[in-house]
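Good morning, and thank you for coming. Please take a moment with the sequence and the view.

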Amino acid sequence: MSMDRIDFTGRTILITGAGGGLGRAYARDIAARGGAVIVNDLGGSVTGEGASSTMADAVVAEIVAAGGIAIANGDDVSSPDGAQAMIDLAIARFGRIDAVIANAGNMRFAPVEDLTAADLDALLAVHVRGSFNVARAAWPHMRAQGGGRLVLTTSGGGMLGMGQLSAYGAAKGGVMGLMHNLAEEGRPRGILCNAVMPNAASRMSAGMSQGTLGHNPWGRALGPSFDPRFTAGLVAYLAHERCTSTHSIYSALGGRIARVFVGATKGWDHGLDAPPTAEDVATHIDRIRDDGAGYAIPTDIFDEFRIVAEGRG
């Protein structure tokens with residue numbers, strides 16, 4: 001049985017890359033819950049070329065026709081000025097910014113020897129710099145009003161890995177790192193930051209035919225869950241003030257939502273008397289790698305220090 005309704009009435013939410021796919025699903029869901037939504041979309045191709053307001057305008061029209069509140073924005077997240085313009089629009093029109101959902105993305109996939117430095121730069125610009133830019137622009141307003149919610153978008157490509165996604169995975173891994181640090185800096189200010197790992201049909205995935213990234217015998221059976229609406233509920237919760245989670249990554253896959261985390265095995269404690277040699281490491285590598293003996297989940301950098309120090313004591 002569900003708890004009381006998640007209601008966004010009186011709240012303002014910026015969603016980047018909201019002209020289609022996942023972002024559109026997020027925008028429609030949050031607007032249906034009473035939120036005022038800034039629908040940002042550059043409107044270019046999935047590889048990042050071109051710009052058009054058509055997609056953002058279409059989503060706004062859908063929301064308004066359904067009785068919701070939304071305005072379109074066509075600024076570029078990779079530009080600090082573009083990100084600032086999105087937040088300025090939210091403040092000018094609605095007087096506040098309660099959540100930012102950094103969903104904008106672009107895609108390059110190919111064997112690593114076929115990818116270029118320009119490919120990597122293009123991905124880093126949108127995924128990492130874009131997420132940083134919108135979070136940074138919203139930060140002072142969230143701090144002044146006593147808090148807010150940031151929802152970033154990482155990927156199995158960044159967390160787990162896959163062939164042909166070295167540039168894309170590097171960018172999504174960068175988003176994961178950004179989330180870890182924003183969460184800790186925001187915690188005392190009431191600014192909570194989490195990341196999602198969606199597995200959904202989108203304009204980016206539409207360019208991939210079955211088996212592009214390798215054989216996946218389980219994907220077809222999970223087909224219905226690739227509807228972006230299967231991720232929208234998770235994102236709406238993380239963007240809402242009822243959410244108390246921070247510094248966490250959530251995977252939405254195949255009808256299951258789970259927390260994905262970075263852990264450390266108990267490892268091998270060689271003591272402080274002398275540095276370990278390469279031969280010592282080779283001798284103990286199975287113990288170093290063994291997660292069957294248990295593991296810890298450090299909450300931040302200092303917490304790993306605590307775990308090791310207390311384990312020795």
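A residue is called exposed when its relative accessible area is over 50%, and buried when that area is under 20%; partly exposed lies in between. Please bear in mind that the model is predicted.

Phenylalanine 305 counts as exposed because its relative accessibility is 60%. Phenylalanine 302, at 67%, is exposed as well. These two rings form an edge-to-face aromatic pair, with 6.5 Å from centre to centre and 90 degrees between the planes. In total, the structure holds 2 aromatic pairs.

Arginine 312 is partly exposed at 39%, and aspartate 269 is partly exposed at 43%.

I now move to the other helix of interest, H1. How far apart are the end C-alpha atoms of helix H1? They are 17 Å apart, in agreement with the 16 Å that 12 residues should span. The buried residues of H1 include Leu22, Tyr26 and Ile30. After H1 comes glycine 34, with a positive phi near 95 degrees.

Side chains of opposite charge can pair when their charged atoms come close. Arginine 24 and glutamate 62 meet in such a salt bridge, at 3.0 Å from N to O. This pair links distant parts of the chain, with arginine 24 in H1 and glutamate 62 in helix H2, 38 residues apart. Arg24, Glu62 and Arg28 are linked in a network of salt bridges. Arginine 33 forms a salt bridge with aspartate 29, at 3.1 Å between the closest N and O atoms. The count for the structure comes to 11 salt bridges.

Finally, two loop residues. Tryptophan 218, in the loop between helices H7 and H8, counts as exposed at 62% relative accessibility. Together with Leu222 and Leu253, Trp218 makes a nonpolar surface patch of about 310 Å². Serine 248, in the loop between H8 and strand S7, is buried, with a relative accessible area of 9%. Beyond its neighbours within four places in sequence, serine 248 is in contact with residues including Met179, Cys193 and Arg259.

How values were computed: Residues are numbered from 1 along each chain as its sequence is written. This is a predicted model: local features need pLDDT of at least 70, side-chain atom pairs count only at pLDDT 80 or more; totals for chains, interfaces and linings use all residues. Side-chain values use heavy atoms; hydrogens and water are left out. Patches are made of residues with over 30% relative accessible area and no salt bridge: like charges are joined within 9 Å, nonpolar side chains (Val, Leu, Ile, Met, Phe, Trp, Tyr) within 5 Å. Accessible areas come from the Shrake-Rupley method with a 1.4 Å probe; for residues, only the protein chains shown count as cover. A salt bridge is a side-chain nitrogen of Lys or Arg within 4 Å of a carboxyl oxygen of Asp or Glu. Helices (H or I, at least four residues) and strands (E, at least two) are DSSP runs, numbered from the N terminus. Buried means under 20% relative accessible area, exposed over 50%, partly exposed in between (1.4 Å probe, protein chains only). Rings of Phe, Tyr and Trp (its six-membered ring) pair if their centres lie within 6.5 Å; planes under 30 degrees apart count as stacked, over 60 as edge-to-face and the rest as tilted. Contact means heavy atoms within 4.5 Å. The expected span of a helix is 1.5 Å times one less than its number of residues.
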